[in-house]
Amino acid sequence: MFNARVLYIPRPMLISLIIIFCLVGVYGVRFNTFDLYLLIAFGVLGFLMRLFSFPAAPFILAFILGGIMEQSFRQALTISNGSLSIF
């Protein structure tokens with residue numbers, strides 16, 4: 001039977017290991033320190049969202065679908081010659 005041994009690791013050590021693996025993984029992809037700063041910024045943003053009980057799903061959907069919606073909005077305005085009455 002498979003036991004989840006990761007549950008026996010103390011929580012502070014587990015969190016530290018996850019942070020280190022994330023930092024090494026992000027830096028290992030492109031060897032760029034900007035990616036590390038971006039990782040830290042999004043980590044702080046996620047922490048603040050959790051701290052203020054802000055749901056993450058709408059933010060993630062807006063982040064992913066925002067560019068597609070903007071492109072479709074521009075396309076619709078181009079087709080209608082800039083008229084907002086198409087909406």
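Trainee: Which helices each supply at least two residues of the lining of the largest pocket?

Mentor: Bearing in mind that this is a predicted model, α1 and α2 each supply at least two residues of that lining, and α1 gives the most, with 5 residues.

Trainee: What volume does the largest pocket have, and which residues line it?

Mentor: Its volume is about 390 Å³, and the lining is made up of Ile 15, Ile 18, Ile 19, Cys 22, Leu 23, Leu 39, Ile 40, Gly 43 and Phe 47.

Trainee: Staying with α1, how far apart are its end C-alpha atoms, and what should the helix span?

Mentor: Helix α1 covers residues 11-30, and at 1.5 Å a residue its 20 residues should span 28 Å; the end C-alpha atoms are 30 Å apart, which agrees with that expectation.

Trainee: And what follows α1?

Mentor: The helix is followed by Phe 31, a residue whose phi is positive, near 55°.

Trainee: Switching to charges, how many salt bridges does a search of the whole structure find?

Mentor: The search finds 2 salt bridges. One is formed by Arg 30 with Asp 35, where the closest N and O atoms are 3.1 Å apart, and in the other the side chains of Arg 74 and Glu 70 meet at 2.7 Å, N to O.

Trainee: Is Arg 30 buried or exposed, and what about Asp 35?

Mentor: Arg 30 counts as exposed because its relative accessibility is 52%, with the cut-off for exposed being over 50%, whereas Asp 35, at 13%, counts as buried.

Trainee: Then how are Arg 74 and Glu 70 placed in helix α3?

Mentor: Arg 74 and Glu 70 are 4 residues apart in helix α3, so they are separated by about one helical turn. As for accessibility, Arg 74 is exposed, with a relative accessible area of 54%, while Glu 70 counts as partly exposed at 43%.

Trainee: What about rings, how many aromatic pairs are there?

Mentor: A search of the whole structure finds 4 aromatic pairs. Among them, Phe 42 and Phe 63 have ring centres 5.9 Å apart and planes at 75°, so this pair is edge-to-face. Because Phe 42 lies in helix α2 (residues 33-51) and Phe 63 in helix α3, the pair ties together parts that are 21 residues apart in sequence. Phe 42 is partly exposed at 38% relative accessibility, and Phe 63 is exposed at 57%.

Mentor: A stacked pair is formed by Phe 73 and Phe 87, at 5.3 Å centre to centre and with 20° between the planes. Phe 73 lies in helix α3 and Phe 87 in the segment after α3, so the pair ties together parts that are 14 residues apart in sequence. Here Phe 73 counts as partly exposed, at 40%, and Phe 87 as exposed, at 59%.

Trainee: Which residues do ring pairs link into a cluster?

Mentor: Ring pairs link Phe 42, Phe 59 and Phe 63 into a cluster.

Trainee: Last one: where does Ser 80 lie, and what does its side chain reach?

Mentor: Ser 80 lies in the segment after α3 (56-79), and its side chain reaches the backbone oxygen of Leu 77 at 3.4 Å. With a relative accessible area of 17%, Ser 80 is buried, since buried means under 20%.

Definitions and conventions. Residues are numbered from 1 along each chain as its sequence is written. This is a predicted model: local features need pLDDT of at least 70, side-chain atom pairs count only at pLDDT 80 or more; totals for chains, interfaces and linings use all residues. Side-chain values use heavy atoms; hydrogens and water are left out. Buried means under 20% relative accessible area, exposed over 50%, partly exposed in between (1.4 Å probe, protein chains only). A polar contact is a pair of N or O atoms within 3.5 Å; within protein, one must be able to donate a hydrogen and the other to accept it, and residues adjacent in sequence count only if both atoms are side-chain atoms. The expected span of a helix is 1.5 Å times one less than its number of residues. A salt bridge is a side-chain nitrogen of Lys or Arg within 4 Å of a carboxyl oxygen of Asp or Glu. Rings of Phe, Tyr and Trp (its six-membered ring) pair if their centres lie within 6.5 Å; planes under 30 degrees apart count as stacked, over 60 as edge-to-face and the rest as tilted. On a 1 Å grid over the protein atoms alone, a cavity is a set of points where a 1.4 Å probe fits but cannot get out, and a pocket is an open set with protein on both sides within 12 Å along at least five of seven lines; lining residues have an atom within 4 Å of a point. Grid points are joined across faces, edges and corners, and a volume is the space filled by probe spheres set on the points.
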